[in-house]
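Please look over the notes below alongside the coordinates.

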Amino acid sequence: MKIVIIGDGKVGYKLAKQLSVENYDVVMIDSNEKKLKYAVDRLDIACVTGDAADAEVQREADVPHADLVIACTSADECNMLSCLIARRLGAKHTIARVRNPIYFKQIGLLKEDLHLSMAVNPELIVADEISRVLLFPDASKIETFVKGRVELIEYAIQKESRLVGMTLADMYDKFQIKILVCAVEQCGNVIIPDGDYEIRTGDRLHIAVSHRELERFFRLLGKHREKVRKVIICGGGRVAYYLAVQLCSLGMQVKIIERNVDRCEELCELLPKAIIINGDATDHDLLIEEGIESADAFVALTGMDEENIITSLFAKSQGSAKIIAKINEDRRASMVEDFGIDSIVSAKTATADAILSYIRARQNSQGSANVETLYQLVDDKIEALEFIIKSETGYTGIPLKDLSLKSNNLIACIARKRQIIIPGGDDCLEVGDSVIVITMGKHIEDIEDILA
């Protein structure tokens with residue numbers, strides 16, 4: 001599969017890195033020769049220097065024979081125009097990153113005229129992710145499958161947790177809740193556990209659970225946090241706008257602190273239900289004055305990772321119950337996980353996951369199951385994929401206990417019509433099922449790939 005990536009920014013580089021490892025034929029276009037040299041020296045890809053809005057530059061990158069063109073520069077207009085030119089030249093499919101709320105609101109109209117296969121809005125994806133976590137503040141991270149009916153949550157085990165010292169089998173037996181621990185992260189190492197695994201302080205459990213059972217699970221643990229009502233958002237960019245729209249609609253009190261006066265005026269018009277404060281969120285006195293001590297949640301969404309980390313740590317010291325920070329640099333994210341920041345989100349990672357889901361779905365369109373959703377977890381060490389079984393095959397109708405799975409693979413959940421099944425050995429896969437697979441393998445394109 002030949003893929004052309006336009007834009008060697010954070011998203012473009014992450015996609016190129018992932019796709020080249022999976023042996024896709026990748027060409028990258030960017031006008032910055034220095035950045036391309038950095039990419040060529042580290043990745044197994046080809047590069048073309050130039051403006052992707054120039055048809056000749058696209059021809060040099062062999063766009064006419066591309067299976068997919070992904071435009072992810074910082075300019076929406078450039079992305080949409082580049083995709084239009086690519087389709088005119090003969091590219092089979094195109095994906096554009098579109099961030100402007102005005103453009104994205106009418107993307108349904110634009111997609112048809114621009115012949116876009118997909119439009120990705122990183123800020124909206126991140127806002128959705130934060131909103132889910134604020135609805136269930138006990139979780140560090142929540143990914144959704146089967147149109148929101150199944151959650152894959154990340155839950156950190158604290159010293160005082162009732163689960164410490166308990167095996168997974170004991171936990172399932174004691175609580176009698178339909179959940180499955182799919183993966184455990186301990187000190188940077190990741191395993192897909194069996195029932196004998198003993199839970200320890202510091203573990204991060206990745207748990208598959210239906211939406212209905214999630215709140216019940218937290219209540220039984222005795223650590224259920226009160227619902228979030230007051231939220232302070234640091235930074236008034238696009239993520240903050242999308243998030244505030246969602247939280248205000250849920251009846252939460254939202255306060256946004258933004259240092260740019262003009263942006264504050266815009267937000268006042270766009271968000272009449274939110275309180276907009278013009279000020280510097282790194283000013284501790286301002287945060288205290290605006291009620292950080294009584295806030296149920298603090299969300300740091302400025303454009304600077306360092307600023308988000310510093311303000312989040314201060315918010316934690318002042319007693320804010322739930323702390324969420326946007327951190328795009330992978331190395332910084334792994335460094336601050338143990339600092340007391342509850343949840344870390346990344347627009348770069350969210351965008352890459354959405355695009356990789358589409359690529360896997362295109363790649364395996366002739367297989368027995370289609371990839372619907374894909375998330376990369378724990379620094380890309382684990383993938384969680386949702387497949388829809390579209391035809392009878394060698395593994396359908398056979399009890400799972402009779403199927404031999406390769407090591408480090410797990411069937412975590414089955415969604416069948418209105419039923420959510422946390423599978424046991426006697427359950428079978430059927431045509432039409434949505435199946436969630438957890439794997440430490442790479443480039444899984446079909447359920448058959450995890451069978452021994």
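Which side chain meets that of Arg-416 in a salt bridge?

1. The partner is Asp-433, at 2.8 Å from N to O. A salt bridge here is a side-chain nitrogen of Lys or Arg within 4 Å of a carboxyl oxygen of Asp or Glu. The pair links distant parts of the chain, 17 residues apart: Arg-416 is in strand 20 (residues 409-416), and Asp-433 is in the loop between strand 21 (419-421) and strand 22 (434-439). Helices (H or I, at least four residues) and strands (E, at least two) are DSSP runs, numbered from the N terminus. Both Arg-416 and Asp-433 are buried; buried means under 20% relative accessible area, exposed over 50%, and partly exposed in between (1.4 Å probe, protein chains only).

2. On sources: the model is predicted, local features need pLDDT of at least 70, side-chain atom pairs count only at pLDDT 80 or more, and totals for chains, interfaces and linings use all residues. Residues are numbered from 1 along each chain as its sequence is written, and side-chain values use heavy atoms, with hydrogens and water left out.

3. The whole structure has 20 salt bridges. One of them joins Glu-123 to Arg-99 (2.8 Å, N to O). Glu-123 belongs to helix 7 (residues 122-135) and Arg-99 to the loop between strand 5 (93-97) and helix 5 (101-105), so this pair ties together parts 24 residues apart in sequence. Glu-123 counts as buried, at 6% relative accessibility.

4. Helix 7 also holds Glu-129, which is linked to Lys-141 of strand 7 (residues 141-145), 12 residues apart. Glu-129 is buried, with a relative accessible area of 6%. A network of salt bridges links Glu-129, Arg-132, Lys-141 and Glu-143.

5. The largest nonpolar core has 80 residues, and Ile-130 and Leu-163 have the most contacts inside it. Such a core is a set of buried Ala, Val, Leu, Ile, Met, Phe, Trp, Tyr and Cys residues joined through side-chain atoms within 4.5 Å. Its largest share, eight residues, comes from helix 10 (residues 238-249). Another core, of 42 residues, lies apart from it, with Val-11, Leu-15, Val-26 and Ile-95 among them.

6. Helix 4 (residues 76-89) has buried residues including Met-80, Cys-83, Ile-85 and Leu-89. The buried residues of helix 4 pack (contact: heavy atoms within 4.5 Å) against strand 1 (2-6), helix 3 (55-60), strand 4 (68-71), strand 5, helix 5 and helix 6 (107-114). Gly-90 follows helix 4 and has a positive phi, near 125 degrees.
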